[in-house]
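Please read it with the sequence and coordinates open.

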Amino acid sequence: MKLVTFNIRCDYGQDGENNFDCRKPLILRRIAREQPDIIGFQEVLPHVQRWLRGHLEGYTVVGCPRGADCDGEAMTIAVRDETAELLGLETFWLSPEPDRPGSRYDGQSDCPRICTVAAVLCRGLGALRVYNTHLDHLSAGARALGLRQILRRMETDRARHPLPAALLGDFNAWPGAAELAVLTEFPALGLRDVTGALPVTFHNYHRPGEQPGKIDYILLTDPLRAGQAVCWTDEEDGVYLSDHYPVCVEVLR
C-alpha cells in the first residue's frame, strides 16, 4: 500500500506562478503515475475539495471542513477504489470540546484544528485506521495539546476495536521540537516516525530568506512496516506540487 501525506496549500490566489490553478496538471500527473492507495491532504478549501472529487478519477474523496459552520479547510482523505474501501469516517476538533465545530484551545491561533479518522480496508494489507491532521502554526502549546488529544483518541479507538494505525500530516514542528516529546507519553501505541530520514518537506517554493525543513510526518504502529519514505519533488518551470513536498511511503505488514 502506498500512503501519502500532502499539504496541498490553501488556495487564495496568493502564489503567482504557483497558484493552485497552475499546479493542477502537475498534481494530477504525479498522482496518476504513483497511484497511491491512501492520500491525506491538508489545507483543503471547499473549492479544492470539489476539484479533487471531480478530477481524482478512481478515488473516493472525503473530508469535513473545520469551521464553526463546517466551512474552511478540511483534512481530506482520498482512497483508491480499486485497492481500498472506506469503512468509516469521523472528524473531531482539537479542543476541550472535540465534537463542537470550530472549537479551539485557549492560546492557539484563530484557526480551528481538526483530525480526520478513516477506517480503510486495503487489499493485501487488511483494515487500518488513518489519522490525518494539521497542528497549529503559531502555538507550540496548542500543538502539544492537539497531539496529546489525538494520541489519547488512538488509544481509545484501539481499546474499542484494535486495528493498526497511521498518523500523518503537517505537524508544524521541526524534528526534536519540545512539543513532539508528547509522542513519548504513549509508548503502548508503539508509533514510529518512518519519515525521519527526510531532511526537508516544507520548502515554501524556495523563496529567498525562507528556512526549509521537515514538518510533515507519517507515523505507524505495529505490525505495519514501511519502506523508504520519499518526497515528490516535481518542479516544472518554477511550478511545484505545493509549498510542501508530498511524502510517500510503501506500507507492509
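The model is predicted. Its largest pocket holds about 300 Å³ of space, and its largest cavity has a volume of about 40 Å³. Four aromatic pairs are found in a search of the whole structure.

**Largest pocket**

- The space in the largest pocket comes to about 300 Å³.
- The lining of this pocket consists of 18 residues. Those nearest the centre of the pocket are E43, H134, H137, D170 and N172.

**Second largest pocket**

- About 200 Å³ of space lies in the second largest pocket.
- Its lining includes L28, I31 and A32, along with Q35. Also among the lining residues are H55, L56, E57, G58 and Y59, as well as R80, D81 and E82.
- Helix 1 (residues 20–34) supplies the largest share of this lining, with three residues.
- The class breakdown for the second largest pocket is five nonpolar, three polar and four charged residues.

**Cavity**

- The count of cavities of 30 Å³ or more is one.
- The largest cavity, with a volume of about 40 Å³, is lined by L94, Y105, Q108, R113, D136, A142 and G146.
- Three residues of the cavity lining are nonpolar, two are polar and two are charged.

**Aromatic pairs**

- The whole structure contains four aromatic pairs. One of them joins F6 and F41, whose ring centres are 5.3 Å apart; the planes stand at 35°, so this pair counts as tilted.
- F6 belongs to strand 1 (residues 2–7) and F41 to strand 2 (residues 38–44), so their pairing ties together parts that are 35 residues apart in sequence. F6 and F41 are both buried.
- Y205 and Y240 form a tilted aromatic pair, with 6.3 Å from centre to centre and 45° between the planes.
- This pair links distant parts of the chain, 35 residues apart. Y205 is in the loop between strand 9 (192–193) and strand 10 (216–220), while Y240 is in strand 14 (residues 239–240). Y205 and Y240 are each buried.

**Charge over a ring**

- K214 places its charged end over the ring of Y217, at 3.2 Å from the ring centre.

Methods: Residues are numbered from 1 along each chain as its sequence is written. This is a predicted model: local features need pLDDT of at least 70, side-chain atom pairs count only at pLDDT 80 or more; totals for chains, interfaces and linings use all residues. Side-chain values use heavy atoms; hydrogens and water are left out. On a 1 Å grid over the protein atoms alone, a cavity is a set of points where a 1.4 Å probe fits but cannot get out, and a pocket is an open set with protein on both sides within 12 Å along at least five of seven lines; lining residues have an atom within 4 Å of a point. Grid points are joined across faces, edges and corners, and a volume is the space filled by probe spheres set on the points. Helices (H or I, at least four residues) and strands (E, at least two) are DSSP runs, numbered from the N terminus. Ala, Val, Leu, Ile, Met, Phe, Trp, Tyr, Cys and Pro count as nonpolar, Asp, Glu, Lys and Arg as charged, and the others, Gly among them, as polar. Rings of Phe, Tyr and Trp (its six-membered ring) pair if their centres lie within 6.5 Å; planes under 30 degrees apart count as stacked, over 60 as edge-to-face and the rest as tilted. Buried means under 20% relative accessible area, exposed over 50%, partly exposed in between (1.4 Å probe, protein chains only). A charge sits over a ring if NZ of Lys or CZ of Arg is within 6 Å of the ring centre and within 35 degrees of the ring normal.
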